[in-house]
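Please look at the sequence and the model below, and consider on what grounds each description of the chain rests.

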Amino acid sequence: MQKTRTVGIVGGGPGGLTLARVLATRGIPFTVFELDEHALSRPQGGSLDLHGDSGLRALREAGLEAEFKAVARYDDQGDALYDAQGTLHFQHNEASNGDRPEIDRSQLRDLLLASLPSERIRWGSKVSAVEPLPDGRHRVVGPEGTLGEFDLVVGADGAWSRIRPLVSQETPAFTGVLFIELQIDDVDTRHPAIAKLLPHGKLSVVGNNRGLIAQRSSHGHVRAYFMFRVSEAQLREGLVDTSSPPRAREQLKALLPGWAPSLLAFIDASNDTIVSRPIVALPVGHRWTHRPGVTLLGDAAHVMSPFSGEGVNMAMLDGLELGLALAADSDWSRAVAGYEAAMFERAAEAAEGARQGLDFVSEHALEHVLEHFREMQQAAGPA
């Protein structure tokens with residue numbers, strides 16, 4: 001009688017948890033190792049739009065479509081495009097036709113976690129190494145010893161994956177774009193002028209090698225990302241002093257000469273959570289030679305800039321496709337190799353789009369971005 005095979009998933013983000021849910025519904029034992037101490041130990045980020053052929057498909061095939069619809073925001077698909085002087089160039093306020101609804105990242109994680117046996121999630125688990133065993137399995141090791149032994153270990157642990165070096169020597173590189181993330185609380189009540197400017201969805205501003213994307217989340221919360229082209233030397237020095245929110249706000253405004261007061265108001269309205277986020281990416285077309293017993297998904301496999309909106313969608317599709325492959329083929333090495341081959345192709349296409357999206361922060365971005373918005377509106381068709 002064949003021994004029951006198990007999967008170790010390193011990382012409890014949307015991709016890893018999607019894989020876990022697919023395995024759970026197919027009767028395949030798994031353990032998720034997550035560094036966070038608990039689900040609320042740190043903020044999970046802003047709003048996500050899930051795409052019909054990837055993120056939404058993953059939830060549907062994982063049996064979570066109804067749970068998603070209960071919290072998703074189908075009317076937060078508006079777009080407004082401004083230049084730095086505050087001139088409106090494009091606006092689309094129609095409700096979405098349903099193919100890219102929004103959900104807060106924390107809501108998505110909670111939804112996935114609620115669908116899994118709690119004992120399968122090992123919170124506070126730092127993975128320091130994955131070691132091959134003589135029988136072809138792999139041992140997951142933490143600072144205090146063995147965490148488990150598995151027939152397959154999946155690195156779902158993000159851009160700086162500890163599992164990636166087992167299959168690839170590539171590491172993410174700085175793209176030349178830096179985000180300064182701000183947050184605004186209760187925008188509709190406390191900052192009505194900003195709320196009026198910001199559609200149900202997101203606002204984009206393009207300038208000379210600078211930009212802004214501000215996006216609504218649930219409960220009147222807004223995340224604003226000011227974007228800059230910077231050198232690696234500037235990155236090392238630090239563009240703003242995030243340890244002092246008042247100083248950071250003044251420094252940020254000084255970096256935006258000529259910007260309209262209505263746009264700088266996003267800075268003044270922000271709370272004291274200010275984060276510097278260098279945008280990194282693996283090479284477009286990143287792939288590796290198949291190694292039995294180990295694979296990657298999501299950012300661990302293909303981290304890319306956020307401009308294409310594909311990151312979380314690709315991660316969830318990875319989790320779905322890998323889980324389905326394992327359930328369908330008793331030869332897990334063959335199943336994983338097939339998953340990897342398909343994933344490499346779709347991730348390369350998405351990563352190329354994300355690379356081109358970096359032009360949002362460029363000297364002549366306005367016409368490029370305006371054409372992109374028009375194409376998206378045309379593709380969506382009537383609401």
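The questions and answers that follow set computed values against the definitions behind them.

This is a predicted model, in which local features need pLDDT of at least 70 and side-chain atom pairs count only at pLDDT 80 or more, while totals for chains, interfaces and linings use all residues. Residues are numbered from 1 along each chain as its sequence is written, and side-chain values use heavy atoms, with hydrogens and water left out.

Q: What makes the protein chain as compact as a globular protein of its length?
A: The protein chain has 13 helices and 17 strands, where helices (H or I, at least four residues) and strands (E, at least two) are DSSP runs numbered from the N terminus. Its radius of gyration is 21 Å, close to the 21 Å that the globule rule gives for 383 residues, so the protein chain is as compact as a globular protein of that length. The radius is taken over C-alpha atoms, and the rule is 2.2 Å times the number of residues to the power 0.38.

Q: Why is threonine 18 called buried?
A: Buried means under 20% relative accessible area, whereas exposed means over 50% and partly exposed lies in between, with a 1.4 Å probe and protein chains only. Threonine 18 has a relative accessible area of 2% and is therefore buried. This residue is found in helix α1 (residues 14-25), and, leaving aside its neighbours within four places in sequence, threonine 18 is in contact (heavy atoms within 4.5 Å) with Ala58, Leu112, Met316, Gly319 and Leu320.

Q: Why does valine 240 count as buried?
A: Valine 240 lies in the loop between α7 (232-237) and α8 (245-254), and because its relative accessibility is 12%, valine 240 counts as buried. Not counting residues up to four places away in sequence, valine 240 touches Ile180, Ala248, Gln251, Leu252 and Leu255.

Q: How do you know which residues belong to domain 1 and which to domain 2?
A: The bounds come from an automatic or database domain assignment, which gives domain 1 as 7-74 + 101-172 + 282-359 and domain 2 as 173-280 + 360-379. The C-alpha centres of domain 1 and domain 2 lie 28 Å apart, and 21 residues of domain 1 are in contact with 21 residues of domain 2.
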